[in-house]
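Please examine the sequence and the model shown here before reading on.

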Amino acid sequence: MKVIAGKNVYNYFNDLSVNRMTIPGLLLGQISKDKTYIIHAVRNLDSTEALAEELTQDIEEFSCTLIDHVQQVTRMLPGGTYVLGLFFICKENMMASTSHINSIQSLVKKIKINLKEDEAKYFNTILQHNFTTETTTCAPVDNLSKDSMSSVEFKKTNWYHIQCFFDFNDLPSLYFSEEVSLKLQSDLVLKRVKTVLNESLFSLNGSFSDHSIPVKSLAGSSSRPHCPSVILMNIHLPCEFQDNNNRDLYIEKSFVAKIICSGILGSNVYLNEEATVDDAILAVKNDILRSLGSRIEMHLDSLLEGEVNFQEMRTVHEPPRRILINLPDLQVQLSDYLFPGESLSELSEALESLRELLDIDINPTTIEKNFEGPSDVNEETAALPNTATSQTDSSGAESSSIRIPYKKILILSLTAVAVAILYQILRSGGGTDNISDKTNTSEDIRALNNSTDTPLETNIPSL
């Protein structure tokens with residue numbers, strides 16, 4: 001397989017070679033049918049310092065710090081981009097030593113065990129930059145040997161920018177019993193979003209295209225070199241799902257909590273020169289699920305023990321919103337997240353952490369913090385668009401699938417609503433028939449009427 005890397009990667013390897021020591025790190029990029037594109041390389045600081053101080057020469061001992069590094073960096077990557085493997089800045093050819101090969105393969109195996117399945121399958125590339133011979137070679141991890149290494153080609157690559165926005169207001173409500181944890185609730189929301197995405201159609205720049213055509217054929221001209229104009233992808237839900245999008249989805253006959261998801265999630269991806277429309281759709285799906293999962297995970301980690309109280313009648317969960325970070329010398333952006341109330345001026349420690357994770361200098365003024373709308377809650381509410389999805393009517397005409405707000409797009413925000421109101425209506429006998437017709441779940445409604453316990457309201461993660 002041919003491996004292509006940008007000049008920024010070449011310069012980075014040369015800068016690291018000045019230290020004249022072994023330095024391990026991560027390769028970030030994409031894989032097409034017959035090419036591997038390396039977007040960015042980042043050294044692992046902890047293992048580099050340990051090697052510099054000669055605390056150890058066994059690279060397998062760095063498995064824990066590398067696993068943590070891979071997981072944190074993956075959270076920041078746009079959809080379709082993955083941690084592809086490891087690189088080593090070295091004095092000698094590591095592939096000439098059987099012991100080195102065994103150590104590398106064992107290290108990769110330990111890392112892949114701790115990755116998600118769709119991420120582990122891309123973690124297969126081993127690259128070495130020999131500062132003695134000034135050569136850069138690579139090979140698949142399963143085929144490492146002195147003779148299997150092939151040269152890396154360094155050249156400028158065009159990246160095609162795609163944006164898409166997913167409307168969480170189209171998700172039906174979810175009902176849970178008191179025993180269901182917030183983590184499980186969040187997992188089911190993720191599962192539901194994945195189902196919706198798999199059932200939907202996607203258009204690019206307002207039209208449906210053959211999935212086999214290259215994305216670059218859809219990109220317009222731009223005044224900036226190597227930076228084609230943004231391609232807008234729209235999500236179109238099936239008509240039958242649109243007909244049911246106001247109906248509640250009951251997953252428990254007896255429930256005490258109701259979750260309502262609302263808000264807009266902005267997706268921001270970049271694709272290589274060989275990417276097709278099908279690759280673009282898969283990348284956007286991956287980006288939405290990865291971003292939502294990352295935010296929920298961060299939100300759950302931020303909660304104090306016992307903070308989630310099922311006895312409260314109403315709770316609002318606001319996971320962090322997405323901000324975009326420019327990679328130097330590239331028209332590609334990575335993501336980070338800000339919690340409600342956080343501002344860039346308060347993120348000196350977070351910015352230092354980002355510098356260590358990505359090994360780049362980050363200028364706070366270049367961070368795009370309003371990608372999902374302004375940070376002020378009142379401004380966010382005022383700017384929130386009506387919808388981010390559309391349906392096709394019986395005549396085949398399409399309605400506008402996305403109404404873009406004036407500031408790129410808005411924060412994903414999930415809010416929780418009390419179920420006690422519904423219970424009181426049912427108890428009083430008012431509106432029971434209407435509710436039963438609307439939800440088409442008469443058996444569940446009768447179960448509610450026969451219940452003696454008042455249902456409580458639960459929170460749901462919101463972005």
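The largest share of the lining of the largest pocket, 13 residues, is supplied by α8, a helix being a DSSP run (H or I) of at least four residues, numbered from the N terminus. This is a predicted model, in which local features need pLDDT of at least 70, side-chain atom pairs count only at pLDDT 80 or more, and totals for chains, interfaces and linings use all residues. Residues are numbered from 1 along each chain as its sequence is written, and side-chain values use heavy atoms, with hydrogens and water left out.

On a 1 Å grid over the protein atoms alone, a pocket is an open set of points with protein on both sides within 12 Å along at least five of seven lines, a cavity is a set where a 1.4 Å probe fits but cannot get out, and lining residues have an atom within 4 Å of a point. The whole structure holds 2 cavities of 30 Å³ or more.

| Space | Volume | Lining by class |
|---|---|---|
| Largest pocket | about 1400 Å³ | 14 nonpolar, 14 polar, 18 charged residues |
| Second largest cavity | about 30 Å³ | 7 nonpolar, 2 polar, no charged residues |

Of the 46 residues that line the largest pocket, Tyr 82, Asp 118, Glu 119, Asn 286 and Arg 290 lie nearest its centre. Domain 1 (2–154) and domain 2 (159–240 + 255–306 + 317–380) each contribute at least three residues to this pocket's lining; the domain bounds come from an automatic or database assignment. The lining of the second largest cavity includes Leu 28, Ile 39 and His 40.

Terms used. Points joined across faces, edges and corners; volume = space filled by probe spheres on them. Nonpolar A, V, L, I, M, F, W, Y, C, P; charged D, E, K, R; others polar. Helix = DSSP H or I, 4+ residues; strand = E, 2+ residues; numbered from the N terminus.
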